[in-house]
Amino acid sequence: MQNNSLSELIENTINEDAAILQKIELPNIKKRVRIYLKREDLLHPIISGNKWRKLKYSLLKANEEGHKKLLTFGGAYSNHIHATAGAGSIFGFNTIGIIRGEQTLPLNSTLTEAKKYGMRIEYVDRKSYRNKTQPKFTESLKEKFGDFYLIPEGGTNQLAVKGCTEIIDNINIDYDYIFAACGTGGTLSGLICALNGNKKIYGIPVLKGAGFLQQEIEEHVLKFSRNKYNNWDLKLDFHCGGYAKINKELVNFIYEFEELNKIQVETNLHS
Ligand SMILES: *Cc1c(COP(=O)(O)O)cnc(C)c1O
């Protein structure tokens with residue numbers, strides 16, 4: 001596929017105009033605070049939100065370099081794995097997902113759907129997985145799968161940072177703060193670069209003990225923008241006990257939020 005036609009296909013597939021700003025109602029909100037949610041989840045039914053932003057320029061580069069296959073990494077519940085599988089099926093790439101840990105059957109819905117989109121799923125033990133960025137490991141993958149374009153865990157690389165700068169492109173209201181959830185910090189890095197020192201931006205890590213992200217985000221930002229900004233910060237205490245952990249207060253909040261705003265934020269609580 002020529003680069004032109006992939007750009008065109010992307011333009012015709014991803015609906016930038018759908019990512020509207022939706023005014024949010026909260027149960028205990030102070031009247032003078034207004035909150036808007038940028039509905040990045042509406043960009044596409046399968047490859048949505050920041051997962052698309054992070055993949056876009058990697059897909060274009062892979063295509064430009066003539067790769068037919070994408071290989072990436074993630075846990076068994078990774079939305080990035082799911083999005084990469086979906087993107088591969090829509091934009092004409094074979095996909096390989098390297099999954100941390102052992103296979104558990106029946107497959108969860110993330111991996112079931114990834115397979116449905118044609119992704120080849122390979123499990124690696126946790127120890128090997130930790131070494132996934134070492135050249136020796138990449139070489140062994142090349143021996144096994146042949147040529148591929150490698151997208152790192154969570155999709156976060158410099159091209160992902162570039163893609164995420166576009167999240168704020170059509171925010172057409174005035175505002176003071178941006179808040180974003182953080183996994184790998186790629187999304188926040190893009191937002192920081194796009195703000196170029198303006199406004200104030202907070203990241204909320206979903207992992208417990210995510211202080212290490214401070215430095216990783218600084219590095220992503222410095223590499224992309226050649227700048228060091230201090231209009232951003234991480235709020236490390238809102239993980240509710242760790243990744244995917246819930247408590248009663250959080251569950252009640254989610255139900256109330258969904259009722260007030262008609263946005264489903266947690267599919268798992270409804271199944
Ligand atoms: C994946 C994901 C994140 C984390 O993005 P990073 O770029 O890895 O920090 C945050 N919010 C949502 C809704 C996600 O799906």
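S58 is buried in this predicted model, with a relative accessible area of 0%. The residue lies in helix α2, which runs over residues 49-64. S58 is also one of three residues, with P152 and G155, that supply 61% of the area domain 1 buries against domain 2.

**S58 and its surroundings**

- Leaving out residues up to four places away in sequence, S58 touches Y149, I151, N157 and L159.
- The C-alpha atoms of S58 and S48 are separated by 15 Å, and these two residues are ten apart along the chain.
- Where does S58 sit on the accessibility scale, buried or exposed? Its relative accessible area is 0%, and buried means under 20%, so S58 counts as buried.

- The chain is divided into domain 1, residues 58-155, and domain 2, residues 157-239.
- Between the C-alpha centres of domain 1 and domain 2 there are 25 Å.
- Seven residues of domain 1 are in contact with four residues of domain 2.
- Together the two domains bury about 370 Å² between them, and 53% of that area is on carbon and sulfur atoms.
- On the domain 1 side, S58, P152 and G155 supply 61% of the area buried against domain 2, more than any other three residues.
- How many salt bridges are there between domain 1 and domain 2? The count is zero.
- Two residue pairs are in polar contact between domain 1 and domain 2, both at pLDDT 80 or more.
- The side of domain 1 that touches domain 2 is made up of two nonpolar, three polar and two charged residues.

**Salt bridges**

- R120 forms a salt bridge with E122, where the closest N and O atoms are 3.5 Å apart.
- Within that pair, R120 is partly exposed, with a relative accessible area of 41%, whereas E122 counts as buried at 17%.
- E218 pairs with K228 in a salt bridge whose closest N and O atoms are 3.9 Å apart.
- E218 lies in helix α9 and K228 in the loop between α9 and β9 (232-234), so the pair ties together parts that are ten residues apart in sequence.
- E218 is partly exposed at a relative accessible area of 30%, while K228 is exposed at 64%.
- Salt bridges that share partners join E16, K38, E40 and R53 into one network.

**Two histidines**

- H67 is found in the loop between α2 and β3 (69-74), and at 14% relative accessibility H67 counts as buried.
- Setting aside neighbours within four places in sequence, H67 is in contact with A62, F93, D147, F148 and Y149. Y149 is also among the residues that S58 touches.
- H220 has its place in helix α9, residues 213-225, the helix that also holds E218.
- H220 is buried, with a relative accessible area of 18%. Why does H220 count as buried? Buried means under 20% relative accessible area, and the 18% of H220 falls under that limit.
- Beyond neighbours within four places in sequence, H220 is in contact with T156, Q158, V161 and S189.

**V251 in helix α10**

- V251 is found in helix α10, which covers residues 248-261.
- With a relative accessible area of 15%, V251 is buried.
- V251 and E266 are 15 residues apart along the chain, and their C-alpha atoms are separated by 9.6 Å.

Definitions and conventions. Residues numbered from 1 in each chain as written. Predicted model: local features only at pLDDT ≥ 70, side-chain atom pairs only at ≥ 80, totals over all residues. Heavy atoms only, no water. Helix = DSSP H or I, 4+ residues; strand = E, 2+ residues; numbered from the N terminus. Buried < 20%, exposed > 50% of the residue type's maximum accessible area, 1.4 Å probe, protein only. Contact = heavy atoms within 4.5 Å. Domains from an automatic or database assignment. Buried area = accessible area lost by both parts, 1.4 Å probe. Salt bridge = Lys/Arg side-chain N within 4 Å of Asp/Glu carboxyl O. Polar contact = N/O pair within 3.5 Å; in protein donor to acceptor, adjacent residues only side chain to side chain. Nonpolar A, V, L, I, M, F, W, Y, C, P; charged D, E, K, R; others polar.
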